[in-house]
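Hi everyone, thanks for coming along. Let me put the sequence and the model up on the screen, and then we can walk through it together.

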Amino acid sequence: EPDGRCRALCERAAQIDAQTEFCITLGGQRRQARAAMQMPPVEIRQRGRQFAPRVTAIAAGTTVAFPNDDLLEHNVFSHSANAEFDLGRFGPGPGKRQTFDKVGVAEIFCNIHKEMVSYIVVAPSSLFAVTGPDGSFSIKGLAPGRHTLVLWERFARPRAVERTIEITASGTTQVSFEVREQLDGELPHKNKFGVAYTPLYR
């Protein structure tokens, strides 16, 4: 299994951004059958006009619930290449669900609150990891041999970088990533109608 650590350097003063969340998946993997993956339920909560967590990794075929913990209405939509949906407006409660069948990165927004942004990295298999607060990660279940790790980070350009690793017979390999974040890495987005947000939708 690869054990590793990631860190991001900000353009401004080359400072290390400790709040960065990285997602690490395996390249060249075929999608597993749903029945074999035994996918646990996944939630992205809407709380304080934010999605939590901001970055989530799932296996293709996973259903994600979007509970609303706020007292006001929210909306959940995406126009990403691997996820085109609109769950409509809904108030407090268990919210609504969406299944993600296609591999890729789904950008999730709220049509009411522009500041609400979340990213769902849909992996072809259940072999993935999201880094902890210190940038560390571990992926279990890899067989000995050569593998390609794909690291994704929302502020990096390019957002995805690859690293080839060799898993030895001992089963553990150390790996590290370092990326440079761009100050304009998270670009402005439009509402679900493809136009700029206005006070009406806040």
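Let's begin with a cysteine: does C110 count as buried or exposed? C110 counts as buried, because its relative accessibility is 0%. By buried I mean under 20% relative accessible area, while exposed is over 50% and partly exposed is in between, with a 1.4 Å probe and protein chains only. C23 is buried too, at a relative accessible area of 1%. As for disulfides, meaning pairs of cysteine sulfur atoms within 2.5 Å, the structure holds zero.

A quick word on the ground rules. This is a predicted model, where local features need pLDDT of at least 70 and side-chain atom pairs count only at pLDDT 80 or more, while totals for chains, interfaces and linings use all residues. Residues are numbered from 1 along each chain as its sequence is written, and side-chain values use heavy atoms, with hydrogens and water left out.

Strands here are DSSP E runs of at least two residues, numbered from the N terminus. β6 runs parallel to β12, and five bridges join them; for pairing, DSSP has to find at least two bridges between two strands. A57, for instance, has V121 as its bridge partner in β12.

The peptide bond joining A52 and P53 is cis, with omega about 0 degrees. In the loop between β4 (45-47) and β5 we find R49. Its phi is positive, near 60 degrees, in a residue other than glycine. R49 is partly exposed, at 35% relative accessible area.

On to the interior. A nonpolar core, for us, is a set of buried Ala, Val, Leu, Ile, Met, Phe, Trp, Tyr and Cys residues joined through side-chain atoms within 4.5 Å. The largest one has 20 residues, and F51, V64, F66, V76, F100, I108 and I120 have the most contacts inside it. At least two residues each come from β7 (62-68), β9 (83-90), β11 (104-109) and β12 (117-123). β9 gives the most, with four residues. Apart from this core lies another, of 16 residues, including I139, L142, L149 and I167.

What is V76 in contact with, once neighbours within four places in sequence are left aside? Counting heavy atoms within 4.5 Å as contact, the partners of V76 include F51, F66, F85, L87 and I108, and also Q46 and D86.

Finally, the largest pocket, with a volume of about 270 Å³. A pocket is an open set of points on a 1 Å grid over the protein atoms alone, where a 1.4 Å probe fits, with protein on both sides within 12 Å along at least five of seven lines; lining residues have an atom within 4 Å of a point. The volume is the space filled by probe spheres set on the points, which are joined across faces, edges and corners. Of the 18 lining residues, E107, F109, L187, P188 and H189 are the closest to the centre. β8 (74-80), β11 and β12 each give two or more residues to this lining, and β8 has the largest share, with four.
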